[in-house]
Amino acid sequence: MSDVRTRHRTKWPTAQWVFSDPGRIMMFGMGSGLFRPGSGTWGTLAAWLLWVIASPGASDLAIGIFLLAALLYGCWAADVVGKALNSPDHVGIVWDEFVAFWLVLWLIPDTLLAQILGFVLFRFFDVVKPAPIRQVDARLKGGVGVMADDVLAAGYTLLAMAILIRLGVPMSF
């Protein structure tokens, strides 16, 4: 653990530490979680890029199974990596943003405007943490807690998008 440095009272891992283990690479969003400031935003952008590359042609069943597996894996792996860093919800762990934003992208219209709006709304709800997200974030610990607040932020995003669509807000240029 000598490759983990302390910054602002939080252990900050080096790129060498992150890239020395496949689980850490995933939890740090293929390295996007190392970018500062705003590692959650960088992670969400990386998730979006991977979605654009990997999702075309995938069936809804395959995406649904993948997202469920990614969520379950995240609950376990975020706990393991958080313990290794002695920081249960380390800011660099962005797999939770990946999974939650992929859920948003899967369920909103497949247009650039809808995706931009989904991105902005998701980041808003993830940062602001309106009730009950803030309470869940404070009470649930470990990997489940890491994943849960972002899944709730995705739920808020999907609800807001559904309302906007119902109100007739255009979702394409």
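Predicted model: local features only at pLDDT ≥ 70, side-chain atom pairs only at ≥ 80, totals over all residues.
Q: Are H3 and H6 roughly parallel or roughly antiparallel to each other?
A: Take helix H3 (residues 39-54) and helix H6 (residues 112-128): their axes come within 11 Å and cross at roughly 155°. Angles over 145 degrees count as roughly antiparallel. The two helices are therefore roughly antiparallel.

Q: How many nonpolar residues does the contact of H3 with H6 have?
A: On the H3 side you'll find Gly40, Thr41, Thr44, Leu45, Trp48 and Trp51, and they meet Leu112, Gln115, Ile116, Phe119, Phe122 and Arg123 in H6. Sorted by class, 4 of these residues are polar and 1 is charged, while the nonpolar ones number 7.

Q: Is the crossing of H4 and H5 left-handed or right-handed?
A: The axes of helix H4 (residues 60-84) and helix H5 (residues 95-107) come within 10 Å and cross at roughly 160°. That makes H4 and H5 roughly antiparallel to each other. As for the hand, their crossing is left-handed.

Q: Which residues in H5 does H4 meet?
A: H4 brings Asp60, Ile63, Gly64, Phe66, Leu67, Ala70, Leu71, Tyr73 and Gly74 to this contact. Counting both helices, the contact has 11 nonpolar, 2 polar and 1 charged residues. The H5 partners are Trp95, Val99, Trp102, Leu103 and Trp106.

Conventions
Residues numbered from 1 in each chain as written. Heavy atoms only, no water. Axes fitted to C-alpha atoms, helices over the stretch in contact; angles between N-to-C directions. Helix = DSSP H or I, 4+ residues; strand = E, 2+ residues; numbered from the N terminus. Parallel < 35°, antiparallel > 145°, perpendicular 65-115°, else oblique. Contact = heavy atoms within 4.5 Å. Nonpolar A, V, L, I, M, F, W, Y, C, P; charged D, E, K, R; others polar. Left-handed = near helix turned anticlockwise from the far one by under 90°.
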